[in-house]
Each structure stands twice: as C-alpha cells, then as structure tokens.
Amino acid sequence: MNIQNAQKAVDNWIKEHGVRYFNELTNMAQLTEEVGEVARIIARRYGEQSEKESDKDKDLGEELADVVFVVLCLANQTGIDLQEAFSKKMDKKTKRDHDRHHNNEKLK
C-alpha cells in the first residue's frame, strides 16, 4: 500500500468507524503520546534502561503503526498529499545529503 492509498484507507476508516476526525490539536497531542510509547519501548529494549515486565509484551510495530495512523489523520485533515510531500522530501534529501553522509567520519 502506498502512502496515498494509506491516506484513503484512514479516511474511510474514520468515516465508517469514527464519528469524525479529532481536531488538529487533539491529534497533535495524540501523536505526541504515541511517539512517547515508541520512545519507551526503544529506550528499554534497545537502550540502557531495564525493561519492565509489563513492557515486555509491547509491540514496537504496533506502536509505530499508531504513529503512522495519526500522521495520516493530520495529513488528511490539513489537506496534505503525503505521497507528494514524501517524494519531494526524498528528492531534497538525496540531492542535499548524498555526499554529506559519505564524508562523515563519525559514520565510518
């Protein structure tokens, strides 16, 4: 599924199962909460913090999908074609950063 289809799928889900989109500020707060859940898993599973027993069953993929879902909601409700925006971003990063990372001594 490409980004454009994912945006449509989220919009259809909202129309079928939700009442409406939460407003943009509520979705921004929800996005922050979901990113926090991702950060918690990463910090404990891959970082130096010990993982609590209650966190061991947390699914990183599911939490990342929650982040994507809310990002798609925000794109839909603000009229952003995220497929187009992402393509532009990849072009920009490719042109700007190609040599930069190859010449970064910290990455060798």
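In which helix does Arg44 lie? In this predicted model, local features require a pLDDT of at least 70 and side-chain atom pairs count only at pLDDT 80 or more, whereas totals for chains, interfaces and linings use all residues. Residues are numbered from 1 along each chain as its sequence is written, and side-chain values use heavy atoms, with hydrogens and water left out.

Arg44 lies in helix H2, which comprises residues 24-45; helices here are DSSP runs of H or I with at least four residues, numbered from the N terminus. The 22 residues of H2 should span 32 Å at 1.5 Å a residue, and the distance of 31 Å between its end C-alpha atoms agrees with this, the expected span being 1.5 Å times one less than the number of residues.

Arg44 counts as buried because its relative accessibility is 16%, where buried means under 20% relative accessible area, exposed over 50% and partly exposed in between (1.4 Å probe, protein chains only). Asn27, Leu31, Glu34, Val38 and Ile41 are also among the buried residues of H2, and helix H3 (60-77) is included in what covers the buried residues of H2. Leaving aside residues up to four places away in sequence, Arg44 touches Gln49, Ser50, Glu51, Lys52 and Asp55, a contact being heavy atoms within 4.5 Å.

Lys95, in helix H4 (residues 82-102), is by contrast exposed, with a relative accessible area of 72%. The C-alpha atoms of Lys95 and Lys106, which are 11 residues apart along the chain, are separated by 21 Å.

Key: Helices (H or I, at least four residues) and strands (E, at least two) are DSSP runs, numbered from the N terminus.
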